[in-house]
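Biologist: Please show the sequence and the model, and then let us discuss them in turn.

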Amino acid sequence: MNRKERIAVGIVGTGGMGTRHADNLHHLVGGAYVSSVFDVDQSHAAHASSLCDSAEIFTDPVALINSPKVDAVVIASPDDTHANLTLACIKAGKPVLCEKPLATTVDDARDVIAAETAFEKKMVSVGFMRRFDPQHTAVKAAVTSGELGLPLLWKGVHRNASVPFGTTGATILTNSAGHDFDSARFLLEAEVQEVYVRGLKTRPELHSDTTDLLVFELAMSDNRMAVGEVYVNATYGYEVSAEVICQKGTAVTLQPDRAMVRANAHRGFYVSSDWLAPFEEAYVIEDRAWIESLLKDTKFSGANAWDGYVTMVVTAACIQSLHTGKIVPVQLGEKAELYQ
Ligand SMILES: NC(=O)c1ccc[n+]([C@@H]2O[C@H](COP(=O)([O-])OP(=O)(O)OC[C@H]3O[C@@H](n4cnc5c(N)ncnc54)[C@H](O)[C@@H]3O)[C@@H](O)[C@H]2O)c1
């Protein structure tokens, strides 16, 4: 891509996440505008277009990706469409911010790595936005300052109010827990070597295949560990936290901007059921960092295709562990020079 003053972005998938990226990129990110949108549901595309000064509505995602009016692409369609659309972006030579997960199978993630490696330039960024969340980056800064001694253990909590009936443990690990695996890798600066997962169905009325409360344990490189809870029918709201326990202290994410409320004989904080709310700022910072990296032709500071691939390999190992009840090793294979 030639150096530009403004990046024309095309958005594929304009549901909740895609519309948020469109709105952010068009109104809150200097140096970017949304030129084009596509969604299989054209009413969703029309809504996003109306928020972005009548961005062109496409009827085919690959036509959008190949359009000369599109410099870079955001993919925010359902998980199982990500890998193929990302491959189409690499083929067209268009940088892409692909929402997580990069793929839903290890083979598909590997295909993206192979295509990008053959292209010999990093084109793919992955939407692990916790890497831009001010609470998470404050924890990272405290840990990397060295004042707390060596990091030892990551502890995570990830709760959703509810998920659709029939959501399986494998889907939760692929769609939700990937954020936690990436958070552990990011905050501990270590690689996952082995995984162990247990899960249970929290209510008799749920589908027989549902394991909606999962606990995972990761053995990490450099003698570090991670344990996390992912509970997706927590009812009361959406909440995420991460704590890093170090030799001489700990650092935990906090939400300092919340008001403490006293009412009905209770004192506490409201919890939103909307996953957008806690990470509203992170999505904007992520979009700004992505556009800046394109304008300046510099490295994107967020997750790349290799991080997306690693998360998929860890996810696949976790699914195997959930189903077998065994500890499963994580084998990443050789890291191409592009990602060193
Ligand atoms: N980074 C995050 O925190 C975060 C948060 C939420 C969602 N996501 C990811 O973003 C993606 C979208 O999630 P969402 O919550 O916006 O879902 P959503 O259901 O609100 O939106 C998905 C949109 O994709 C459209 N769509 C369906 N099939 C399509 C296709 N083949 N091509 C193009 N569009 C298609 C749907 O019509 C819908 O408008 C998912 O991959 C999800 O995992 C990431």
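**Overall size and helix packing**

Modeller: A compact globule of 340 residues would have a radius of gyration near 20 Å, and the protein, with 20 Å, therefore agrees. The radius is taken over C-alpha atoms, and the globule rule is 2.2 Å times the number of residues to the power 0.38. This is a predicted model, in which local features need pLDDT of at least 70 and side-chain atom pairs pLDDT 80 or more, whereas totals for chains, interfaces and linings use all residues. Residues are numbered from 1 along each chain as its sequence is written.

Biologist: How are α1 and α2 oriented to each other?

Modeller: The axes of α1 (residues 16–27) and α2 (residues 42–51) come within 9 Å and cross at roughly 15 degrees. Axes are lines fitted to C-alpha atoms, for helices over the stretch in contact, and angles run from 0 to 180 degrees between N-to-C directions. Angles under 35 degrees count as roughly parallel, so α1 and α2 are roughly parallel to each other.

Biologist: Which residues of α2 make the contact with α1?

Modeller: Contact requires C-beta atoms, placed from the backbone, within 7 Å. From α1, Gly18, Thr19, Ala22, Asp23 and His26 take part. Those of α2 are His47, Ala48 and Leu51.

Biologist: Which helix gives the largest share of the shell around the ligand?

Modeller: The ligand is surrounded by 24 residues, each with its C-beta atom, placed from the backbone, within 6 Å. Gly15, Gly16, Met17, Ser77 and Glu99 are the closest. The largest share, three residues, comes from helix α1.

Terms used:
Helices (H or I, at least four residues) and strands (E, at least two) are DSSP runs, numbered from the N terminus. Angles under 35 degrees count as roughly parallel, over 145 as roughly antiparallel, 65 to 115 as roughly perpendicular and the rest as oblique. Two residues are in contact if their C-beta atoms, placed from the backbone, lie within 7 Å.
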